[in-house]
Amino acid sequence: MSPDSAAAESGDGPEVAVDRGGRPASTSPHELAVAAQRLFLRDGFDETSVEDIAAAVGVSRRTFFRYFATKADVVWVESDAELEQFREMIETSSPSTNPVDVVAEAFISAISHGGDEVEWARQRAELILYAPAVQAHANAVYRQWRGVVAEFVARRTGGEPGDEYPLAVGYAVLSASSAGHERWLADSDADLADCLRPMFALMVPREPNVTNT
């Protein structure tokens, strides 16, 4: 356990804030995730132990593993909820709207966090883009998103999820997201949506003759 962890347990030394503001950290998983991200960025991912994270919010190591299998998993604490919101938005979209436009706007809406959550979202993006240990877990999450995108585009274009176009859109959406987030992190005053939309427009292919169903 690091000196900071011992200090956190005793009540002395620096504290790690865990309040995410706009979306209250009302449960231990969220508290752990916020504390973990800040520790990762302050001390380094490899240098931060599960004990450090647990101590920062005053819980036991056992409590941490009740919610997360590994410390890298805390970065994805919002992923399931974001994907579900994305899925609901595309499924209820107008059939007359180009599927690429539907996907782009739903994606931006689902992953955008405003107000006091912006700092948390920026920290998450930095870890996902630049922390190798977190990137190793990213593919499983991205695979879920690509699958949902490909299935939706396939239905709207009269094809199958494994066809070239739906598959290409699925991969392009995640690539555009990474590029947009990189631009966002480079400018502390930038709005995430304003960084993502140009990347979607440039990188996600549009099929000329879309058959809406």
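Reader: Is Leu192 buried or exposed, and at what relative accessible area?
Author: This is a predicted model. Leu192 sits in helix H10. The cut-off for buried is under 20% relative accessible area. Leu192 is therefore buried, with a relative accessible area of 7%.

Reader: How are H6 and H10 oriented to each other?
Author: Their axes come within 10 Å. The axes of H6 and H10 cross at roughly 155°. Angles over 145 degrees count as roughly antiparallel. H6 and H10 are therefore roughly antiparallel.

Reader: Which residues of H10 meet H6, and what is the handedness of the crossing?
Author: H6 contributes Ala104, Glu105, Phe107, Ile108 and Ile111. From H10 come Leu192, Ala193, Leu196, Arg197 and Phe200. As for handedness, H6 passes H10 in a crossing that is right-handed.

Reader: How is H6 oriented to H8?
Author: The axes of H6 and H8 come within 10 Å and cross at roughly 150°. The cut-off for roughly antiparallel is over 145 degrees. So H6 and H8 are roughly antiparallel.

Reader: Which residues of H8 make the contact with H6?
Author: The crossing of H6 and H8 is right-handed. On the H6 side, the contact uses Pro99, Val102, Val103, Phe107, Ala110 and Ile111. On the H8 side, it uses Trp145, Val149, Phe152, Val153, Arg156 and Thr157.

Reader: Where do the buried residues of H5 lie around its axis?
Author: Buried in H5 are Ser79, Glu82, Leu83, Phe86 and Ile90. They cover an arc of only 95° around the axis, so they lie on the same side of H5.

Reader: Which helices do the buried residues of H5 pack against?
Author: H5 covers residues 79–91. Its buried residues include Leu83 and Phe86. The buried residues of H5 pack against H6 (99–111), H7 (118–130) and H8 (132–157).

Reader: What does H7 reach from its first C-alpha to its last?
Author: H7 has 13 residues. At 1.5 Å a residue, 18 Å is expected. H7 comes close to that, reaching 18 Å.

Reader: Which residues are buried in H7?
Author: Buried here means under 20% relative accessible area. In H7 that holds for Trp120, Ala121, Arg122, Gln123, Arg124, Ala125, Leu127, Ile128 and Leu129.

Reader: How does Tyr171 count in terms of accessibility?
Author: Tyr171 belongs to helix H9, residues 164–186. Its C-alpha is 6.2 Å from that of Arg146, 25 residues away in sequence. The relative accessibility of Tyr171 is 46%, so it counts as partly exposed.

Reader: How many helices and strands are in the protein chain?
Author: Read along the sequence, the pattern is α-α-α-α-α-α-α-α-α-α. The count for the protein chain is 10 helices and 0 strands.

Reader: What percentage of contacts in the protein chain between residues at least 6 apart in sequence join residues at least 24 apart?
Author: The protein chain has 213 residues, and buried residues make up 46% of them. Among contacts between residues at least 6 apart in sequence, the share joining residues at least 24 apart is 67%.

Conventions. Residues numbered from 1 in each chain as written. Predicted model: local features only at pLDDT ≥ 70, side-chain atom pairs only at ≥ 80, totals over all residues. Heavy atoms only, no water. Helix = DSSP H or I, 4+ residues; strand = E, 2+ residues; numbered from the N terminus. Expected span 1.5 Å × (residues − 1). Buried < 20%, exposed > 50% of the residue type's maximum accessible area, 1.4 Å probe, protein only. Arc of directions from axis to C-beta. Contact = heavy atoms within 4.5 Å. Axes fitted to C-alpha atoms, helices over the stretch in contact; angles between N-to-C directions. Parallel < 35°, antiparallel > 145°, perpendicular 65-115°, else oblique. Left-handed = near helix turned anticlockwise from the far one by under 90°.
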